[in-house]
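These are my notebook entries on one protein chain. I set down what I looked up, entry by entry.

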Amino acid sequence: MNKKAIISFVSGFLNSYTLVFFSKNKLFGFILLLVSFFDIYTGITGIISVMITNALLLGLNLKKISSGLYGFNALLVGLGMGIAIQPSVAFYIILIFITLATLLLTLASEGVIGKYALPYLSIPFLISIWVAIIAT
């Protein structure tokens with residue numbers, strides 16, 4: 001990986017946390033990251049979800065990755081599942097697949113809804129978390 005991709009990955013990681021509050025402040029993102037660890041499993045699932053999403057996107061638009069537009073839906077799904085479901089091996093397998101589904105829904109929403117300049121922000125999160133909770 002080159003230096004630009006690593007900077008985009010770290011920036012996208014923190015911006016995924018800040019976009020939940022419509023901010024771009026990296027310090028605020030770090031504080032939110034720490035706060036998510038008040039419940040250790042919630043913090044871990046949030047980190048796993050964002051890392052999976054951002055790692056898979058290193059071949060796509062670095063500007064959107066570094067802005068956190070792709071990672072924040074996965075973060076919300078990870079945090080929601082970390083709060084709602086008891087952790088186990090099966091839980092983490094489901095988390096990986098729901099995170100991937102959230103990523104695909106985010107990309108599809110961006111393509112379909114985004115071409116009309118409409119916001120697609122939380123639609124992938126809502127669909128994914130509903131499917132995850134119903135399935136579990």
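**Entry 1: a term needed at the start.** I began by settling what a helix is here: a DSSP run of H or I with at least four residues, numbered from the N terminus. I also noted that the model is a predicted one.

Entry 2: An α-helix has 3.6 residues a turn, so residues three or four places apart point the same way. I found both Phe 13 and Tyr 17 to be buried.

**Entry 3: aromatic pairs.** How many aromatic pairs does the structure hold? I counted 3 of them. For Phe 13 and Tyr 17, the ring centres are 5.7 Å apart and the planes stand at 55 degrees, so I recorded this pair as tilted. Phe 21 and Phe 28 form an edge-to-face pair, with 5.6 Å from centre to centre and 65 degrees between the planes. Phe 28 stands at 26% and counts as partly exposed.

**Entry 4: the whole chain.** I next turned to the secondary structure, which comes to 7 helices and 0 strands. The radius of gyration is 14 Å, close to the 14 Å that the globule rule gives for 136 residues, so the chain is as compact as a globular protein of that length. Along the principal axes, the C-alpha atoms fill a box of roughly 35 × 30 × 30 Å. I noted that 44% of the 136 residues count as buried. The accessible surface is about 7300 Å², and 77% of this belongs to carbon and sulfur atoms. Among contacts with a separation of 6 or more, 66% are between residues 24 or more positions apart.

**Entry 5: helix α5.** Is α5 mostly covered or mostly open? I found it mostly covered, with 11 of its 14 residues buried. The buried residues include Gly 71, Leu 75, Val 77 and Met 81. The elements that cover them include α1, α2 (26–36), α3 (40–56), α6 (89–112) and α7 (123–135). From its first C-alpha to its last, α5 reaches 20 Å, close to the 20 Å expected at 1.5 Å a residue.

**Entry 6: Asn 73.** Which side chain does the side chain of Asn 73 meet in a polar contact of 3.5 Å? I recorded Thr 106 as the partner. Leaving out residues up to four places away in sequence, Asn 73 also touches Thr 102, Leu 121, Ser 122, Pro 124 and Phe 125, among others.

**Entry 7: Phe 72.** My last entry concerns Phe 72, also found in helix α5. At 7% relative accessibility, Phe 72 counts as buried, because buried means under 20%. Apart from its neighbours within four places in sequence, Phe 72 is in contact with Ser 16, Leu 19 and Leu 121. I also looked up Phe 72 and Leu 103: they are 31 residues apart in sequence, and their C-alpha atoms are 9.9 Å apart in space.

Methods
Residues are numbered from 1 along each chain as its sequence is written. This is a predicted model: local features need pLDDT of at least 70, side-chain atom pairs count only at pLDDT 80 or more; totals for chains, interfaces and linings use all residues. Side-chain values use heavy atoms; hydrogens and water are left out. Helices (H or I, at least four residues) and strands (E, at least two) are DSSP runs, numbered from the N terminus. The radius of gyration is taken over C-alpha atoms; the globule rule is 2.2 Å times the number of residues to the power 0.38. Buried means under 20% relative accessible area, exposed over 50%, partly exposed in between (1.4 Å probe, protein chains only). Contact means heavy atoms within 4.5 Å. Accessible areas come from the Shrake-Rupley method with a 1.4 Å probe; for residues, only the protein chains shown count as cover. Rings of Phe, Tyr and Trp (its six-membered ring) pair if their centres lie within 6.5 Å; planes under 30 degrees apart count as stacked, over 60 as edge-to-face and the rest as tilted. A polar contact is a pair of N or O atoms within 3.5 Å; within protein, one must be able to donate a hydrogen and the other to accept it, and residues adjacent in sequence count only if both atoms are side-chain atoms. The expected span of a helix is 1.5 Å times one less than its number of residues.
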